[in-house]
Amino acid sequence: MRLAFPIAFVTLLSVSTPAQDLSDLRLEKVAAGYIFAEGPAWSREGHLIFSDIPGNKLLQFKPGEKTAVFRENSNGAIGNTFDAQGRLYTCESHARRVTRTDKKGKIEVLAERWQGKRLNAPNDIVVRKDGHIFFTDPAFGNQQDTRELDFYGVFHISHKGEMEVVAKLKSRPNGIALSPSGRILYVTNSDERNVRAYDLDRSGAASNERVLISNIAGIPDGIKTDETGNLYLAAERIEVYTPEGKHLGSLFTHETPSNCAFGDGDFQSLYITARTSVYRVRMNVKGSVQY
C-alpha cells in the first residue's frame with residue numbers, strides 16, 4: 001500500500017541547491033506494518049534494506065515490488081550500511097556485535113569485544129570509501145543491566161581490521177554519518193540531544209571533537225548527509241542543518257522518525273524509517289555516497 005501526503009516544513013529548505021517548490025514534495029508511505037523500523041540503507045543493486053528491531057528481522061524493499069524478508073533472526077539488527085563492494089554491515093544489538101555480509105550471504109563478525117569485554121549494543125554504522133568503519137555502541141533499556149564496558153563508545157575499525165576507540169562517553173551516542181569528503185565524522189547523542197563532529201585523517205584517526213548542533217527537539221537518532229554536506233537528522237522530526245550547524249528546516253512525518261537514507265538510482269529519494277512504516281520523499285539534492 002502506498003499513500004502520498006503533502007510535506008510540511010517549518011522553514012524554507014534551500015539546502016545550498018537551486019530553490020525547490022516545496023508544494024511539489026510528497027511524502028509517500030512505501031512499507032508498513034512493522035513494530036519499530038530502523039536502519040535504512042540503499043544497495044546499488046536497487047533495493048533498500050531496513051530493520052524491524054522487535055520483529056528481529058531485516059527487510060528488503062524494492063520499488064515496484066512487495067517488501068520481503070531479507071533475514072530472519074537478525075539478532076536485534078538496528079543500523080545498516082553498505083560498502084564499495086556491495087557488502088552489508090549490520091549492528092546486531094542482541095548479539096552485541098558488528099557483522100559484514102558478503103554478496104553470497106556469508107556473515108563475518110567484525111567486532112564483538114573491546115579489550116576482552118563484550119560491546120554494549122552496537123547501534124549505527126558507516127563505512128568510508130577507503131574501507132574504514134565507524135560505529136556507535138550505546139545501551140538502551142535492559143541492555144544497561146548487562147554492560148561490561150564502563151563507557152559508551154564510538155569505535156573505528158581500520159581497513160586492516162584493527163579496532164580503536166574514537167570516543168569514550170558517559171552519555172549515549174546513537175546515529176553516525178560521514179561528510180561527503182569522508183573527512184568529518186558526525187555522531188548524534190541521545191542523552192545530551194546534540195551532534196558531535198570529529199575531524200578524520202587518511203588513516204581514520206579522529207581529532208578536534210566538538211559539539212556542532214545543540215538543543216535538538218526530541219531524541220536524536222539516525223543521521224545522514226547529502227552531496228552538499230547538509231545533515232539530515234531524525235529526532236522529533238527530520239531536522240536539516242548546514243555543515244556549519246545552521247538549521248535549515250524541518251520535515252514532519254506522520255510518525256516519529258528513527259533514521260533516514262538516500263536511495264533510488266539517482267540517490268535523490270530520502271527514505272525515512274518511522275516506527276511502523278517506511279516513507280519516501282523525492283528531493284532536489286543527491287545523497288552523499290561513500291561507495
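1. Start with Gly 153, which is buried at a relative accessible area of 0% (buried is under 20% relative accessible area, exposed over 50%, and partly exposed in between, with a 1.4 Å probe and protein chains only). You'll find Gly 153 in strand 14, residues 152-157 (helices, H or I with at least four residues, and strands, E with at least two, are DSSP runs numbered from the N terminus). Leaving out residues up to four places away in sequence, Gly 153 touches Phe 135, Thr 136, Asp 137, Ala 167 and Pro 173 (a contact is heavy atoms within 4.5 Å). Gly 153 and Arg 172 sit 19 residues apart along the chain, with 8.0 Å between their C-alpha atoms.

2. A word on what you're looking at: this is a predicted model, in which local features need pLDDT of at least 70 and side-chain atom pairs count only at pLDDT 80 or more, while totals for chains, interfaces and linings use all residues. Residues are numbered from 1 along each chain as its sequence is written, and side-chain values use heavy atoms, with hydrogens and water left out.

3. On confidence, the chain averages a pLDDT of 92, and 91% of the residues score at least 70 (pLDDT is the predictor's confidence in each residue, from 0 to 100). Over residues 5-23 the pLDDT is below 50, though this stretch has 54 contacts in the model beyond near neighbours in sequence. Where pLDDT is low, the predicted coordinates should not be read in detail.

4. Asn 120 is another buried residue, at 2% relative accessibility. Its place is the loop between strand 11 (117-118) and strand 12. Setting aside neighbours within four places in sequence, Asn 120 is in contact with Arg 96, Asp 137, Pro 138, Ala 139, Arg 147, Glu 148, Leu 149, Phe 151 and Tyr 152. Between the C-alpha atoms of Asn 120 and Ala 95 there are 9.6 Å, and along the chain 25 residues.

5. Over in strand 12 is Ile 125, buried with a relative accessible area of 3%. Not counting residues up to four places away in sequence, Ile 125 touches Gly 79, Asn 80, Thr 81, Tyr 89, Cys 91, Val 98, Ile 133, Phe 134, Phe 135 and Ile 176. Ala 32, by comparison, is 93 residues from Ile 125 in sequence and 24 Å away in space, C-alpha to C-alpha.

6. The structure holds 2 cavities of 30 Å³ or more, and about 320 Å³ lies in the largest cavity. The terms: on a 1 Å grid over the protein atoms alone, a cavity is a set of points where a 1.4 Å probe fits but cannot get out, a pocket is an open set with protein on both sides within 12 Å along at least five of seven lines, and lining residues have an atom within 4 Å of a point. Grid points are joined across faces, edges and corners, and a volume is the space filled by probe spheres set on the points.

7. Who lines the largest cavity? There are 23 residues, and the closest to its centre are Thr 81, Val 126, Lys 224, Ser 288 and Tyr 291. By type, the lining of the largest cavity divides into 16 nonpolar, 5 polar and 2 charged (Ala, Val, Leu, Ile, Met, Phe, Trp, Tyr, Cys and Pro count as nonpolar, Asp, Glu, Lys and Arg as charged, and the others, Gly among them, as polar). Among the strands that each supply at least two residues of this lining are strand 2 (26-43), strand 12 (125-127) and strand 24 (259-263).

8. The largest pocket has a volume of about 420 Å³. Of its 25 lining residues, Phe 36, Asn 123, Phe 140, Asn 174 and Asp 221 are the closest to its centre. The lining of the largest pocket splits into 9 nonpolar, 10 polar and 6 charged.

9. If you're wondering about disulfides, the count is 0 (a disulfide is a pair of cysteine sulfur atoms within 2.5 Å). The sulfur of Cys 91 has its closest cysteine sulfur in Cys 260, 16 Å away, so the two are too far apart for a bond. Cys 91 is buried at 0% relative accessibility, and Cys 260 is buried with a relative accessible area of 0%.

10. Last, two backbone angles to look at. Most residues other than glycine have a negative phi. Asn 208 has a positive phi, near 55 degrees; it lies in strand 19 (residues 206-213) and is partly exposed at 46% relative accessible area. Phe 267 has a positive phi near 55 degrees; it sits in the loop between strand 24 and strand 25 (269-282) and is buried at 7%.
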